[in-house]
Amino acid sequence: MAGRFIARRGPADLALVLGVLRRGQGDPTFRMTPDGAVWRASLTPEGPGTLRVADDGAEAWGPGADWLLEQLPALLGDLDDHAEFVPRHRLLADVHRRHPDLRLCRTGLVLESLIPSILEQKVTVNEAYRAWRLLVRTFGTPAPGPAPEHMHVMPDPRTWSLIPSWEWHRAGVDNKRASTVLRAVRVARRLEEAAAMPLAEAARRLELIPGIGPWTSAETLQRSIGAPDAVTVGDLHLPGIVGYALTGRRGVDDAGMLELLEPYAESGQRHRAVRFILLTGRVPGRRVPKMPRVDIARL
């Protein structure tokens, strides 16, 4: 199917808004090219599609092209009510002034954020990114249109369900995470309905699946519905980063992080506050060993 072009609206910083969708430098579904354009390959309700977004406009190809262009305002954060955020810390007031273009994207697609989030459970990001890259390139389909080389659309639910056990093993995915993905794709349609739900209801829908807890649902809904209050709890590093940035203290746990973010809870902006904190670059020096890397494929 030929591409269709539309003019862009708004001054969105594409890397800032859409960068959270990239799962590592080699993500087959995401590419940033030297001309400043962002390319995405997605499995939409209408089928696979490729989207190119640049400062001058957006173009899409494939059966999902029209759907991707219709969703473009939400994807770029044009529907994000960022005015609700009021900085309660001097640090956040400063970074808020420096990054006024921060918007929370909303893909409207649950599974494409859920599956890589499941792969990221309890492993290093490099392991998870490698698994996502191998599985999408092996079982996905080439991105429609003139997409950059090696871009692929992720597999559809049926294809995910038919991946042999040894291919999960080869990608370094243990049985627990693979089984969670398989449970999710069996009810893919019901999970995709969460894209139109309020945050609490959407999280409950996702967490009905054994193996999907608050960490995974938050990571998924931050991207799929642009949830400004979806706080990631249960993360190895995030509480320490938030605590160090706001207080200079080390060793802050989830409870301490939530207490520090409480000023943003009433307006439902805790995730947005965390995004601004991460932009400060204030990260405590490492005092704990890195999470050990276990190469499942070699076992």
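Start with the second largest cavity: its lining divides into 5 nonpolar, 3 polar and 2 charged residues. Here Ala, Val, Leu, Ile, Met, Phe, Trp, Tyr, Cys and Pro count as nonpolar, Asp, Glu, Lys and Arg as charged, and the others, Gly among them, as polar.

This is a predicted model, where local features need pLDDT of at least 70, side-chain atom pairs count only at pLDDT 80 or more, and totals for chains, interfaces and linings use all residues. Residues are numbered from 1 along each chain as its sequence is written, and side-chain values use heavy atoms, without hydrogens and water.

Select R40, S42, L51, W67, L68, Q71, L75, R106, T107 and L109; they line this second largest cavity. Helices (H or I, at least four residues) and strands (E, at least two) are DSSP runs, numbered from the N terminus. The space inside is about 50 Å³.

A cavity is a set of points, on a 1 Å grid over the protein atoms alone, where a 1.4 Å probe fits but cannot get out; lining residues have an atom within 4 Å of a point. Points are joined across faces, edges and corners, and a volume is the space filled by probe spheres set on them.

Zoom out: the structure holds 3 cavities of 30 Å³ or more. Select L21, T29, R40, E112 and W132, the closest to its centre of the 15 lining residues. Now colour β3 (38-44) and α5 (111-119); each supplies at least two residues of this lining. The largest share, 4 residues, comes from β3. By type, the lining of the largest cavity has 8 nonpolar, 3 polar and 4 charged residues.

Notes. 1 Å grid on protein atoms, 1.4 Å probe; cavity = no way out; pocket = protein on both sides within 12 Å on 5 of 7 lines; lining within 4 Å.
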